[in-house]
Amino acid sequence: MEIAYKVGTMIEIPRAALLADEISARADFFSFGTNDLTQMTFGYSRDDVGKFLPSYIEKGILKYDPFEVIDRKGVGKLVTMTVDAARSTPTSTAP
């Protein structure tokens, strides 16, 4: 018996976003781990972010909490680049 299936991958780190054209040659679809992608794009440590993020927002360093509102200039740009690169590459037909 044959079962048709699709292979997907989670884009959670900036390097994966930058190499989306290569990854999409083997994957039929992507999903995004935006919390991890945000953490790694900003270089925030999970253990420490709660200690300084409220003050960054209070002082206007950041307009919003990037874990609540997507950072369009950074994380959003990575997502857009990933989608564009993946769409320009033929996807796999999972063996």
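A search of the whole structure, which is a predicted model, finds four aromatic pairs, where rings of Phe, Tyr and Trp (its six-membered ring) pair if their centres lie within 6.5 Å, and planes under 30 degrees apart count as stacked, over 60 as edge-to-face and the rest as tilted.

Phe52 and Tyr56 both belong to helix H4, four residues apart, about one turn of the helix; helices (H or I, at least four residues) are DSSP runs, numbered from the N terminus. Together with Phe67, the residues Phe42, Tyr44, Phe52 and Tyr56 make up one aromatic cluster. Tyr44 is buried at 10% relative accessible area, whereas Phe42 is partly exposed at 27% (buried means under 20%, exposed over 50%, partly exposed in between, with a 1.4 Å probe and protein chains only).

The structure also holds two salt bridges, each a side-chain nitrogen of Lys or Arg within 4 Å of a carboxyl oxygen of Asp or Glu. In one of them Asp36 pairs with Arg46, with the closest N and O atoms 2.2 Å apart; Asp36 lies in helix H3 (residues 34–42) and Arg46 in the loop between H3 and helix H4 (49–58), so the pair ties together parts that are 10 residues apart in sequence. Asp48 and Lys51 form a salt bridge at 3.4 Å, N to O, in which Lys51 is exposed at 67% relative accessible area.

Residues are numbered from 1 along each chain as its sequence is written, and side-chain values use heavy atoms, with hydrogens and water left out. In this predicted model local features need pLDDT of at least 70 and side-chain atom pairs count only at pLDDT 80 or more, while totals for chains, interfaces and linings use all residues.

Key:
Helices (H or I, at least four residues) and strands (E, at least two) are DSSP runs, numbered from the N terminus.
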